[in-house]
Amino acid sequence: MKINREHVLEAVRQSPGTLTKRALARALGLSGDARRQMRILLQELTQDGTLIRTDKRTYTMAGTLPDVMVVRIDHIDTHGDLIGFPARWDGKGKGPKILVFEPKHKNKSGATLGIKDRALCKIRKKNGEYQAEILKKLGASPRTELGVVVKGKRGWLIRPVRKGSRYDHVPKPESQLVDQELVLFELTNARHKGSRIARIVESLGRADGPRAASLISLYEHNIPIGFSKDEITQAKAGKLPKLDEYRKDLRHLPVLTIDPVDAKDFDDAIFAQPDESPKNKGGHIVWVAIADVSAYVLPGSALDKGAFKRGNSVYLPDRVEPMLPEELSADMCSLRPNEDRACLAVRMVFGSDGTKKSHKFTRGLMRSKARLSYANAQSAFMGKPDSAAMPVKDILADIFAAYKTLQQARNRRAPLEIEMPERRVKLDNKSQVISIAVCERYDAHKLVEEFMIQANVCAAQALDAKNAHMIFRVHESPEHEKLQGLADFLPAINMKWSLGERPTPKRFNRLLDSARKNDLEETVSMAILRTQMKAYYTPKNAGHFGLNLNHYTHFTSPIRRYADLIVHRALIRTFGLGEDGGEDGASDKELLRLKEISEHISKTERQAMAAERDAKDRYVATFLQDKLGAQFSGRITGVTRAGLFIMLDETGADGFAPARNLGLERFFFNEKSKSLIGSDTGGTYKFGQRVNIKLLEATPVQGGLIFDVLTKPLKGKPYKGRGAQSSHRGKHKGGYKKRGNQNKQARTSQH
């Protein structure tokens, strides 16, 4: 019998999802050459997307699903329903969307399903959409990773983009491959010549594309991208609230915004003036007005669910992945000059010594008088207002005078004062790196920062005084183990830290003052940063160590942080800033979920910070990839048994210098002194030491840099002490085979 495509397709149509190759051959009565021809036709039909090969190695028509199949839960939609896709799909994209119904009686199929879980489901098509009834919950789905397809001497490979990944994987034979394609893949249990075989799930475009660095970082850290139709619809429907008994007219206040020059959303405006009360001579009244996002993002709405899922906006060198659609974040909730905007404002009264005397929250309508950059404001503070600052120079003078008053109280409070240089990656309109420069820090930055801190404190104090349920921003004091590491390290640079005294920000500041006198400020700053705990969100107040405050929360950025939106709603409910608390105030359901919300947004914040850091690393590696062999100066920011982490002075780029490249002797790692010490000569490389390096390798996809240290080690005694950990010995023919920057330098957000 001579077989053709129609024979195969007709057999599959009659029994979709039930016939394997062998069963299909029997159904068609094929043998010998006809069977071989059928296998060729099946391969062609699956490659061109006409047929789909299922998990059970059976075949079904593309665009149709078998009666029973494995479904993977992808997300929860705005109605709270589970949305899944076929766990195995060889066609384009993820496959048809499937609405998954959980059984009424949970014991029928076991535990409730969550995102990325898999289940064996009974499939039916109703009103043009696929629906699935869960028959049995299965094990967790394979981990989806991001990789780059590369064609090497030994054939096609998938190279993971995750930093520290050592092994490449082999794509499944039927995969359609394109060199330098960025793909999502899953590892299978099968192997080919020792390497794991990977199944490509989805293609994301070119790995060497202009915006690939940010895209890789977003996917790698599970950052949601884009908005649902319901979110966009609700955002576009937002209208400016009207004045009423709950919303006051604040448009007479000459508030203004001060932000980075390239900012696209402006969520805070400020104003200050001398207090004319005879009881407060030399004091000031300070207003901080914040965009009233709660008026547009109602609890339980599609916008609210999406904002919760994201937790915060993510700021990358070439893009912002916002928490809210641009219709809100860059329009209705952005305090643009000379436009009426809804706001939640706090009026604060400070004495002549900077002590806060009172505060009051007001919901209103405002109108910003000017949009200034930090440079604009700084020029006015220095008595040289530019064209942008000139119209509001008198307002800026009062604002700056109030800041000088607040500085007195800040100095008495003595928060932790660590000034680490911040570097900005500047791109052209094609997302190519133009330069990497240190951001200038002006008094204008410190002024806005202090005003925001005071507004955040007021929100925390006001709600706590009413015993209201809320979310605090907590930064705990350092753990003893981390302080022990600092105490062990400091003698190596002729400094000390007594563990007998209680750690306070003021003690750390004194240590920094001493380091400054000996040109060790950057080294000691890094060492102190490593002792600090990470700030997080929680319904239980525990104070903020870094700011040296008993009460602290986040109130000033509801456009980009979900925590601030929760605090706004709590203020509306607690202080009656809406009818019966207002539908835009905190709901009972929300208040019961504060612990869950806190944990979730603390997690999304860490993910965002990691994505931002990794995207910057990838752009820096791209910038340096044509400078292989060039020499740079830098500082050792981390020491491990495997080698040295080094930050370059000019670009702030982080890279790794393998221990095996340091010399011909064996190096030992001394944990106490945070150094690598030669076993024969005692030559030492230590934390904070300045070095010159040569760039050996730059991998943009992973953001990794490999260095060779040119600076000779410091003189010392051979170290073979107790507890010494041996590093690799000397250089070897194969070089150092490692991709990616392993730097895990501990940095904590002070706010």
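These legends walk through a few close-up views of a predicted model.

Some ground rules come before the views. Because this is a predicted model, local features need pLDDT of at least 70 and side-chain atom pairs count only at pLDDT 80 or more, while totals for chains, interfaces and linings use all residues. Residues are numbered from 1 along each chain as its sequence is written, and side-chain values use heavy atoms, with hydrogens and water left out.

**View 1. A sheet with β13 and β15 at its edges.** Here five strands make an open sheet with mixed pairing, in the order β13-β20-β19-β16-β15. Strands are DSSP runs of E with at least two residues, helices are runs of H or I with at least four, and both are numbered from the N terminus; two strands pair if DSSP finds at least two bridges between them. The edge places go to β13 (248-249) and β15 (268-274), each with a single partner strand, so one side of each has no neighbour in the sheet. β13 runs parallel to β20 (residues 356-367), and two bridges join them. Look for Asp249, which stands opposite Leu365 in β20.

**View 2. A second open sheet, with the order β9-β8-β11-β12-β10.** This one also has its pairing described as mixed, and five strands form it. At its edges are β9 (155-160) and β10 (170-171); each has a single partner strand, so one side of each is left without a neighbour in the sheet. Strands β8 (residues 144-152) and β11 (residues 181-192) run antiparallel and are joined by five bridges.

**View 3. The cavity lined by Leu250, Leu253, Val255, Trp287, Ala289, Ala345 and Met366.** A cavity is a set of points, on a 1 Å grid over the protein atoms alone, where a 1.4 Å probe fits but cannot get out, and its lining residues have an atom within 4 Å of a point.

**View 4. Two asparagines with positive phi, Asn338 and Asn494.** Most residues other than glycine have a negative phi. Asn338, with phi near 60 degrees, sits in the loop between α7 (326-332) and β19 (340-350). Asn494 also has phi near 60 degrees, and its loop lies between α11 (480-489) and α12 (505-517). Asn494 is exposed, at 74% relative accessible area; exposed means over 50%, buried under 20% and partly exposed in between, with a 1.4 Å probe and protein chains only.

**View 5. Ala487 in helix α11.** Ala487 counts as buried, with 13% relative accessibility. Setting aside neighbours within four places in sequence, Ala487 is in contact (heavy atoms within 4.5 Å) with Trp497 and Leu499.

**View 6. Cysteines without a disulfide.** A disulfide is a pair of cysteine sulfur atoms within 2.5 Å, and the whole structure has zero of them. The sulfur of Cys333 has its closest cysteine sulfur in Cys343, 11 Å off and too far for a bond. Cys333 is buried at 2% relative accessible area, and Cys121 is buried at 0%.

Definitions and conventions: On a 1 Å grid over the protein atoms alone, a cavity is a set of points where a 1.4 Å probe fits but cannot get out, and a pocket is an open set with protein on both sides within 12 Å along at least five of seven lines; lining residues have an atom within 4 Å of a point.
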